[in-house]
Amino acid sequence: MKLIELTKIPKVYGAGIATPDGFVVESQFVVGHNAEKSAAMAAQIMKRIRNSLDAVESTVIIYTTKSVFLLKETQDGIYYIVCQKDANLGLVKIKVDKIK
Amino acid sequence: MSDELAIDSGALIFATLADVYLSSGMYDEAISILKDGLSRNPNYALAKVILGRAYYLKGDVGEAVKILEEVYAQAKDSENTVLHLGHCYRKLGDNERAIQFYETVLKINSGNKEAAQELQSLKAGPAASVVEAESKEAESAPMAKPVEVPAAEKAEVEKPVEVPAAEKAEVEKPVEVLAAEKAEVEEPVEALAVGIPSSASAVDTLFAPAESTAVFPLERLNEPMLKLLNLKTVKGALICSRDGLPIMNYYPKITNLEELCAFIAAIHNESQNALHFIEEGDIDRFIIEKSNETICVIPVGESLLTVITKPEAKPGLIFVYARKIIDDIREILG
């Protein structure tokens, strides 16, 4: 339900919520994107950051050569949003903060 | 640093390590790692220049010339290369070519004091040569014997400051030459063999930070880095290798530099693996927003540039400034 708000944003491929161990709680992705793989990746990265930097409920933005990932750890779980490189990440962040 | 080199054999840090070895008088070690590094990065011109200098300091001027000429053929406007070639030819006694090279240095950089000084002393030439020849004959025995100088004494001698005549005489006692004539008389070969600078020549102060115009490679980053650090929201920055070893630190307040570098590299590598797993390509950059600070990491070749900012910082602005530094890092470290 909440995720629809995120996927409405232009150039967002999809969004999901994952448990800290990488299982998908909820997801909404366009065809061609694997929500489970992204959830696993999100959990792995957040776990590493939590362990290494003692960062609680941190936000991570990863720019890759193909797309941009926004990961946010909340009490609900880990939000992960996959966007095109030129998506409005500021807007995505605001939406995530609103729905969390 | 040698551990770092062992772990990350692909990095171009070997040139920096070699420079450290050279300043410690460890010429063979420097040559060894430079040769090894150049076998993997044959186009790394700076390393070749340092190798040339290493051979020069070791006394193998012929090899030094061979290497430096090779670099010179590719980059005729390289101030350091031309300067060192001047030194080499001077040492080989080919004063005419030495003068040509020193003049070229001054064309590239008219403020190069070292070249100006060498040129001046060479142009005072013929008299010097006569005195030199006479002196060599008279002092041949002591000159032929290399002078053993303790490291501490060497360090003191190598300070690029003006040494009073009396002090010079003490340092160069075995040569027993009148202080007034020394400038012209001294043959730098023997002095070089043990790393003692000649009083008249600045030949041995190659790469000496205070007098030479040569700059430690990463020091070139200071200027762009300063602009970045001048941003109010930037707390500091650091450069580490992809395997987590610190290269440069611009975050003076940091207490656990090695730990932070290791963590940043671990996060980067793990994220990279995860992204490869989902076929999302390579990391371009990433931002970690914590409650008390934001960490921006940008992979540059074999290194990671990390900028630590206050939470309210604007990452877009940080990346704009960082882009200028990235080019320099890429050029220096590959």
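Colleague: What should the 13 residues of helix H6 (residues 79–91) of chain B span at 1.5 Å a residue?
Modeller: They should span 18 Å, and the end C-alpha atoms of H6(B) are 18 Å apart, which agrees; the expected span is 1.5 Å times one less than the number of residues. Helices (H or I, at least four residues) and strands (E, at least two) are DSSP runs, numbered from the N terminus. Keep in mind that this is a predicted model, in which local features need pLDDT of at least 70 and side-chain atom pairs count only at pLDDT 80 or more, while totals for chains, interfaces and linings use all residues. Residues are numbered from 1 along each chain as its sequence is written, while chains are lettered from A and ligands numbered from 1 in the order in which they are written.

Colleague: How many residues of H6(B) are buried?
Modeller: In H6(B), 12 of the 13 residues are buried, so the helix is largely enclosed by the rest of the structure. A residue is buried if 20 or more other C-beta atoms, placed from the backbone, lie within 10 Å of its own, exposed if 12 or fewer do, and partly exposed in between. The buried residues of H6(B) include Leu83(B), His84(B) and Arg90(B), and just after the helix Gly93(B) takes a positive phi of about 90 degrees.

Colleague: And what share of chain B counts as buried?
Modeller: Of the 334 residues of chain B, 39% count as buried, and the secondary structure of this chain comes to 17 helices and five strands.

Colleague: At what angle do H7(B) and H8(B) cross?
Modeller: The axes of helix H7 (residues 95–108) and helix H8 (residues 113–123) of chain B cross at roughly 145 degrees and come within 9 Å; axes are lines fitted to C-alpha atoms over the stretch in contact, with angles from 0 to 180 degrees between N-to-C directions. Among the residues making the contact are Ile99(B) and Tyr102(B) of H7(B) and Leu119(B) of H8(B), where contact requires C-beta atoms, placed from the backbone, within 7 Å.

Colleague: Switching topic, how many residues of chain B are in contact with chain A?
Modeller: On the chain B side 20 residues take part, in contact with 21 residues of chain A. Helix H16 (257–277) and strand S3 (283–289) of chain B each supply at least two residues to that side of chain B, and H16(B) gives the most, with eight residues.

Colleague: In which sense does S3(B) pair with S3(A)?
Modeller: Strand S3 (residues 59–64) of chain A pairs with S3(B) in the antiparallel sense over six bridges, where pairing needs at least two DSSP bridges between the strands. Tyr63(A) stands opposite Arg285(B) in S3(B), and the bridge partner of Tyr63(A) in S4(A) is Val68(A).

Colleague: How many residues lie between S3(A) and S4(A) in their hairpin?
Modeller: There are three residues between S3(A) and S4(A) in that hairpin, and the two strands pair in the antiparallel sense over five bridges. Six bridges then join S4(A) to strand S5 (residues 78–83) of chain A, which run antiparallel, and Leu70(A) stands opposite Ile81(A) in S5(A). S4(A) and S5(A) form a hairpin with four residues between them, and Gly77(A) in the turn has a positive phi of about 145 degrees.

Colleague: Which way do the residues of S4(A) point?
Modeller: Val68(A), Leu70(A) and Lys72(A) point one way from S4(A), while Phe69(A), Leu71(A) and Glu73(A) point the other way, and all are buried. In a regular strand the side chains alternate between the two faces of the sheet.

Technical notes:
Two residues are in contact if their C-beta atoms, placed from the backbone, lie within 7 Å.
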